[in-house]
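Please look over the sequence and the structure before reading on.

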Amino acid sequence: MKDGVTLQRIQLLHPKLRQEVDKIYTEITTALTGRAICRFAYTLRTFKEQDELYAKGRTTAGAKVTNAKGGQSYHNYGLAIDIVLIVDGKIASWDTKADYDKDGKSEWQEIVSIFKKYGWDWGGEWKFVDAPHFQKSFGKSIQELQALHTAKKVDSAGYVLI
């Protein structure tokens, strides 16, 4: 089943990724046949939204959520996706081992396999583990993306030209 929230969030991604991510999401919805659906919790995040998240646990109440300030996350360029499983239509889950459709493979690993098939990096394999996070950088570092943004090498919607 396709999630309307996720479909809207796909449209916020960098234009170079939208068609590919639509295919990825179709494959995910076909693979998950049980009680869980995949929702894209975050795609594009503005620099301001990133700074607000960075402030949590530092200058505002709450636990630290991110180590990236505005401009230092692939989300800020529409090149990253964070996922969550919605179980039984209401429960958010980040359980990477649950097999809700009883097909012998966890939903999370099914999703990871699909993203990796398309060449995406998965945060679950990093030294600083970020299991909900997937990104596709097109070979660009954060510094290169920041430089393009600063130089105003962006399209009419503000996405960096890559």
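The notes below cover a strand, its partners and a helix.

## Basis

This is a predicted model, in which local features need pLDDT of at least 70, side-chain atom pairs count only at pLDDT 80 or more, and totals for chains, interfaces and linings use all residues. Residues are numbered from 1 along each chain as its sequence is written, and side-chain values use heavy atoms, with hydrogens and water left out.

## Strand S2

Strands (E, at least two residues) and helices (H or I, at least four) are DSSP runs, numbered from the N terminus. Buried means under 20% relative accessible area, exposed over 50% and partly exposed in between, with a 1.4 Å probe and protein chains only.

Strand S2 spans residues 80-87; because eight of its eight residues are buried, S2 is largely enclosed by the rest of the structure. In a regular strand, side chains alternate between the two faces of the sheet. Ala 80, Asp 82, Val 84 and Ile 86 point one way from S2, while Ile 81, Ile 83, Leu 85 and Val 87 point the other way.

## Partners of S2

Two strands pair if DSSP finds at least two bridges between them. S2 runs antiparallel to S1 (residues 36-42), with six bridges, and Val 84 is the bridge partner of Arg 39. Three bridges link S2 to S5 (residues 133-135), also antiparallel; here Asp 82 stands opposite His 133.

Three bridges join S2 to antiparallel S3 (residues 91-93), where Ala 92 is the bridge partner of Ile 86. The hairpin of S2 and S3 has three residues between the strands, and Asp 88 takes a positive phi near 55 degrees.

## Helix H3

In helix H3 (residues 47-55), the buried residues are Gln 50, Leu 53 and Ala 55.
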